[in-house]
Protein chains: 2
Amino acid sequence: MGKERGNYQHLGQVIELDLWFTERETDHLTVQWRITETLYRGRSRYQEIVVAESAEFGRMLFLDGIIQTSLRDEFIYHEMLVHVPLSIHPKPEKVLVIGGGDGGTVREVLKHPEVKRVHLVEIDEQVIEVCRKFLPELAAKFDDPRVEIHIADGVEYLKDRRQAYDVILIDSSDPLGPAEGLFTEAFYADASRALKKEGLLAIQSESPFYTPKLVQDIYRALSRHFPWVRLYTASVPTYSTAPWGFMLASRRYLESAGPRRSKPIPATRYYSPEIHKAAFVLPPFIKELLQTDEDGEGVSTA
Amino acid sequence: MGKERGNYQHLGQVIELDLWFTERETDHLTVQWRITETLYRGRSRYQEIVVAESAEFGRMLFLDGIIQTSLRDEFIYHEMLVHVPLSIHPKPEKVLVIGGGDGGTVREVLKHPEVKRVHLVEIDEQVIEVCRKFLPELAAKFDDPRVEIHIADGVEYLKDRRQAYDVILIDSSDPLGPAEGLFTEAFYADASRALKKEGLLAIQSESPFYTPKLVQDIYRALSRHFPWVRLYTASVPTYSTAPWGFMLASRRYLESAGPRRSKPIPATRYYSPEIHKAAFVLPPFIKELLQTDEDGEGVSTA
């Protein structure tokens with residue numbers, strides 16, 4: 001694929017190449033997307049950044065060759081990462097977003113009128129710049145006066161914070177490359193300390209169907225630092241052919257994972273208070289995954 | 001791919017071909033499965049039948065080149081098609097299955113002790129024979145004394161039935177080829193007449209995300225013949241990268257779509273009474289789909 005469109009002049013006729021991007025779900029299963037245009041390609045200090053137009057899902061952001069988000073279904077992921085914790089927390093005034101350089105998470109956070117300040121900690125400034133330019137549907141709220149952007153490594157940033165946030169959202173890429181440190185037990189311990197007493201942590205936590213061991217590891221690591229941890233799911237077609245996992249962890253034990261504030265959230269297309277509750281209902285084959293407890297630590301499920 | 005394995009002898013070294021099957025989700029999105037062995041390939045009077053071993057999902061059944069089921073995730077589809085209606089019906093004694101030649105639906109129906117008789121109406125005898133041999137995990141219950149197999153066109157079969165069944169399950173392939181007639185309004189009218197007064201009809205109804213117009217059409221056609229119609233979903237990775245749709249239609253108005261009989265169903269890995277309820281909770285973007293009412297018929301949603 002060239003810098004511009006994949007056109008090829010031949011005897012006066014424009015030949016439009018039929019270009020497909022392949023994403024590996026596992027070693028034995030791939031998903032292919034027809035790509036009609038590459039809008040941006042660049043290498044930052046941390047990773048390769050590409051924005052391309054897909055025929056089925058509109059514009060897509062790729063980091064190191066892996067799809068991060070698409071205009072067609074980003075609402076599912078961002079609404080579920082944000083509105084679940086923010087509807088449970090009684091007063092989410094100060095919110096920290098780690099990762100999330102595309103801006104979709106910040107956009108959803110700002111829909112809650114209780115929010116007074118959002119700190120966005122993104123390691124790669126170039127991701128923010130590229131998304132401002134090519135994905136304004138997601139990045140449009142970066143200039144909101146409540147938003148403060150820190151270009152920093154989330155792991156380092158969290159180390160010094162004490163009881164600073166009501167909600168922390170980990171909107172990371174997969175646990176390889178720059179995001180690896182965001183999936184460690186040490187990081188969860190720091191996140192717990194950085195939260196106020198009623199604080200909630202929500203993270204994207206990969207696929208319970210295709211990477212069950214990883215989901216189990218995240219769940220156990222969180223459970224060592226939070227008394228209350230729950231897995232919830234939503235189907236995000238660009239991420240996986242199976243439902244995507246999110247983990248929610250609370251600094252104190254909660255009676256229920258249901259929403260506690262019921263003010264309607266403007267312009268949601270996936271989230272609703274009913275979907276919120278349903279997302280925590282896990283089929284037996286996923287429940288079993290969380291009950292397996294090799295460490296004898298008495299991990300509890302919803 | 002040859003009749004046996006895709007091996008190629010070259011200078012004494014066995015070269016194992018790296019074979020991938022591509023399924024088209026839309027014109028612009030495909031899913032590819034690594035295939036390690038073709039176990040059966042044959043052409044019946046109606047369609048081409050293939051059973052192949054996939055590296056990720058185990059054995060798979062293909063009809064006319066489209067995946068019908070896989071050993072890895074068939075439990076999700078079959079449990080949700082069967083246990084939802086059978087847990088709502090107060091006394092499901094006589095059950096009709098149209099399609100379902102792989103046997104998975106019949107296997108799940110027989111888990112309900114109330115069931116006295118299951119009629120399976122499959123148009124293609126060869127599908128049943130092939131599944132008996134190559135997919136015994138699904139077809140094992142065809143010989144249960146409660147099962148009666150009719151090799152017939154489901155459309156013709158239903159025309160003469162009057163108040164004959166408690167539950168009718170339409171376990172069809174996509175609405176092209178032999179299954180086309182199972183997605184028509186005339187067929188739903190016949191299904192309504194073939195049901196007893198408390199009768200329930202459940203059908204696989206394609207993808208609300210990728211084929212919203214088709215889902216809308218099915219919903220409207222059903223709504224013209226049943227006073228109560230609901231859409232529910234479950235993620236079946238082999239069918240779609242987005243949740244799969246099922247429709248449930250009742251001959252009388254129901255107060256709730258929740259389960260009414262609570263006896264535990266043996267060996268379910270996806271279905272539970274909680275999953276049953278959660279499956280009817282639709283995100284706003286799917287709800288809207290069903291509320292659009294071009295005919296002014298006042299179609300109601302859950």
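**Exercise 1. Nonpolar cores**

Which residues touch the most other members of the largest nonpolar core in this predicted model?

*Solution.* The largest nonpolar core has 128 residues. Within it, Met80(A), Ile168(A), Met247(A), Met80(B), Ile168(B) and Met247(B) touch the most other members. Next, take Ile168(B) and set aside its neighbours within four places in sequence: contacts remain with Leu96(B), Ile98(B), Ala191(B), Ala194(B), Leu195(B) and Leu201(B). In soluble globular proteins, nonpolar side chains tend to be buried together.

**Exercise 2. The two domains of chain A**

Find which elements of domain 1 of chain A touch domain 2 of chain A.

*Solution.* Start from the assignment: domain 1 of chain A covers 7–70 and domain 2 covers 74–291. Their centres, taken over C-alpha atoms, are 27 Å apart. Contacts link 21 residues of domain 1 of chain A to 20 residues of domain 2 of chain A. On the domain 1 side, β3 (19–26), β4 (29–43), β5 (48–54), β6 (58–63) and β7 (66–70) of chain A each give two or more residues. The largest share, five residues, is from β7(A). Sorted by class, this side holds 11 nonpolar, seven polar and three charged residues.

**Exercise 3. Overall form of chain A**

Compare the radius of gyration of chain A with that of a compact globule.

*Solution.* For 302 residues, a compact globule would have a radius of gyration near 19 Å; chain A has 20 Å, so the two agree. Along the principal axes, the C-alpha trace of chain A spans about 70 × 45 × 35 Å. Of the 302 residues in chain A, 49% are buried.

How values were computed
Residues are numbered from 1 along each chain as its sequence is written. Chains are lettered from A and ligands numbered from 1 in the order in which they are written. This is a predicted model: local features need pLDDT of at least 70, side-chain atom pairs count only at pLDDT 80 or more; totals for chains, interfaces and linings use all residues. Domain bounds come from an automatic or database domain assignment. Two residues are in contact if their C-beta atoms, placed from the backbone, lie within 7 Å. Helices (H or I, at least four residues) and strands (E, at least two) are DSSP runs, numbered from the N terminus. Ala, Val, Leu, Ile, Met, Phe, Trp, Tyr, Cys and Pro count as nonpolar, Asp, Glu, Lys and Arg as charged, and the others, Gly among them, as polar. A nonpolar core is a set of buried Ala, Val, Leu, Ile, Met, Phe, Trp, Tyr and Cys residues joined through C-beta atoms within 7 Å. A residue is buried if 20 or more other C-beta atoms lie within 10 Å of its own, exposed if 12 or fewer, and partly exposed in between; C-beta atoms are placed from the backbone. The radius of gyration is taken over C-alpha atoms; the globule rule is 2.2 Å times the number of residues to the power 0.38.
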